[in-house]
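Here is a short briefing on local backbone features. Please keep the sequence and the 3D view at hand.

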Amino acid sequence: MGIASGFALWAAELVDPPLPISSESIPKENKETETEMEIHVFEKNPTVGGRMAMVELAGDKFEAGGSILHPKNLHTLQYTELLGLKRKTSSDDDSDFGIWDGQKFIFKTFPGGKSGFPATISTFINNLLIFWRYGTSLLKMQEYVSNLLDRFLRYYEDSRPIFYTVDEMLKWADLHEYTRHTLQKELVAAGLSPRLISELVTVIMRINYGQNVDISGLAGAVSLCGSGGDLWSVEGGNWQMAAGLIDQANVSLHLNKEVASISLKGEQYEVNSTDGQVYDCEVVVVATPLDEVKISFIPLISIPERHLHHTYTTFVRGLLNPVYFGLSSTSSLPDLIGTLEVPDLPFSSISILKDYSRDDKAYKIFSRKPMADDLLNEIFSDRKETIRIDWAAYPHYQAPEKFAPFLLDGHHLYYINAFENAASTMETSSVSAENIARLILSRLPGGRLQISRSEISDLGNAKMHPEL
Ligand SMILES: Cc1cc2nc3c(=O)[nH]c(=O)nc-3n(C[C@H](O)[C@H](O)[C@H](O)COP(=O)(O)OP(=O)(O)OC[C@H]3O[C@@H](n4cnc5c(N)ncnc54)[C@H](O)[C@@H]3O)c2cc1C
């Protein structure tokens with residue numbers, strides 16, 4: 001289970017009709033009304049967390065997947081408070097970065113603390129340098145991002161409706177249009193300069209989604225949010241949010257239990273695991289992207305085809321080779337090396353995770369293809385340890401995006417990761433999961449969150465689910 005597990009779980013076996021239902025999220029409901037509900041969570045791996053996971057590199061642990069959270073990610077902030085987890089803010093502010101075009105650095109910020117300059121002075125100089133290169137376009141970029149963020153914040157309003165489809169959810173917050181066009185098109189319309197789009201914005205897209213400015217506009221804006229200030233993560237690992245929420249909810253967690261098939265039999269679902277166990281459930285929530293998993297559905301479900309983007313994440317403890325970058329000393333290399341969209345450039349970014357000494361550091365490399373040993377031997381002068389992870393990371397974004405419905409069969413089969421075509425983050429999974437929790441509660445017999453028929457007919461998918 002990943003982050004979505006806090007609210008919506010693989011399969012919920014309802015022992016009795018869960019009545020009465022008095023408020024809006026499953027965990028709260030359970031506490032307030034002691035609804036008799038048995039919830040099973042199935043996880044095929046030995047640990048929970050999914051794309052929130054740690055990697056151990058030469059004795060130190062680092063985030064391997066979802067790593068940074070935004071200060072306005074209100075659900076994840078709430079999880080950490082609820083679970084008593086400590087937050088740490090990103091130290092990126094005092095690290096320098098450079099843009100590599102495969103031949104040379106076309107732009108580099110000023111190395112801060114390392115050269116003895118106080119951080120505030122180097123930050124000031126770097127802001128000037130960035131402003132000098134990109135000008136007022138930067139302000140337009142900020143405005144574009146904060147405009148979208150304001151709209152996204154509406155999903156935390158008490159008055160938000162319950163949504164059956166991602167399209168409807170995005171339309172309600174005036175975000176749908178941003179999924180119809182590429183980021184490039186959106187940013188040109190917003191008045192950003194070609195230089196800012198092809199350099200800084202491209203670098204950010206390659207780091208955060210492994211893709212480029214052809215990504216759809218909303219995912220692009222979310223990715224730009226991930227390059228701002230005050231970013232944070234959970235000390236000890238973001239996966240603890242999933243683990244802690246599962247602990248707090250009164251659920252049966254089945255680790256190493258892979259779901260093989262989900263069949264609707266009359267009013268109930270039969271969930272079969274690969275080890276031959278059978279679970280009868282009234283409600284089933286799929287909380288993983290269905291694009292690469294082998295789960296059989298009976299009857300068949302139909303969802304738009306979607307390709308996941310594979311991000312190869314390589315961790316190296318050692319030292320970069322300055323010669324590869326046309327430099328004479330490693331100290332001239334920036335802490336974060338971003339790259340332009342240049343054919344055959346073999347990596348998207350390289351960042352320092354930890355600086356142990358002048359010639360011993362931990363690095364994280366993102367690439368679109370596996371990093372072969374020969375290539376790593378060119379890029380690094382010393383390699384003590386290397387770890388490679390192939391993530392089926394997030395959708396390959398393609399505007400106009402097509403979304404699977406939250407409700408897959410018009411009965412009680414729900415799909416959280418339908419929202420990932422809008423944007424894939426820990427917080428967006430949580431927002432989608434919370435909506436599905438409310439949707440389930442509204443649709444269960446006697447649910448106090450029952451939505452009206454007129455609301456349903458506005459959904460645009462009335463034909464798909466006529467029985468509603
Ligand atoms: C390299 C990388 C970097 C990222 N960076 C960020 C970031 O900085 N900030 C951010 O917010 N997001 C980031 N993301 C995205 C973020 O991690 C995901 O959007 C989010 O964690 C998805 O959570 P989820 O619960 O929806 O899905 P997942 O985390 O994918 O959880 C799905 C779970 O279902 C399990 N499962 C799958 N099939 C079965 C089956 N048949 N039976 C039983 N269990 C099954 C899986 O093992 C997994 O545990 C990043 C992702 C990657 C890969």
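Gly276 takes a positive phi near 90 degrees in the hairpin of strand 11 and strand 12, which has 4 residues between the strands. This is a predicted model: local features need pLDDT of at least 70, side-chain atom pairs count only at pLDDT 80 or more, and totals for chains, interfaces and linings use all residues. Residues are numbered from 1 along each chain as its sequence is written. Helices (H or I, at least four residues) and strands (E, at least two) are DSSP runs, numbered from the N terminus.

**Hairpins**
- Strand 11 and strand 12 (residues 278-281) pair antiparallel over 4 bridges; strands pair if DSSP finds at least two bridges between them.
- Asn272 has Val278 in strand 12 as its bridge partner.
- Strand 10 (residues 259-265) and strand 11 (residues 268-273) run antiparallel, joined by 6 bridges.
- Val259 is bridged to Ser273 in strand 11.
- The hairpin of strand 10 and strand 11 has 2 residues between the strands, and Gly266 in the turn has a positive phi of about 70 degrees.

**Positive phi outside glycine**
- Asn256 is not a glycine, yet has a positive phi of about 55 degrees.
- Asp344, also not a glycine, has a positive phi of about 70 degrees.
- Asp344 is exposed because 5 other C-beta atoms lie within 10 Å; the cut-offs, with C-beta atoms placed from the backbone, are 20 or more others within 10 Å for buried, 12 or fewer for exposed, and partly exposed in between.

**Cis peptide bonds**
- Ile298 and Pro299 are joined by a cis peptide bond, with omega about -5 degrees.
- The Ala399 to Pro400 bond is cis, with omega near -5 degrees.
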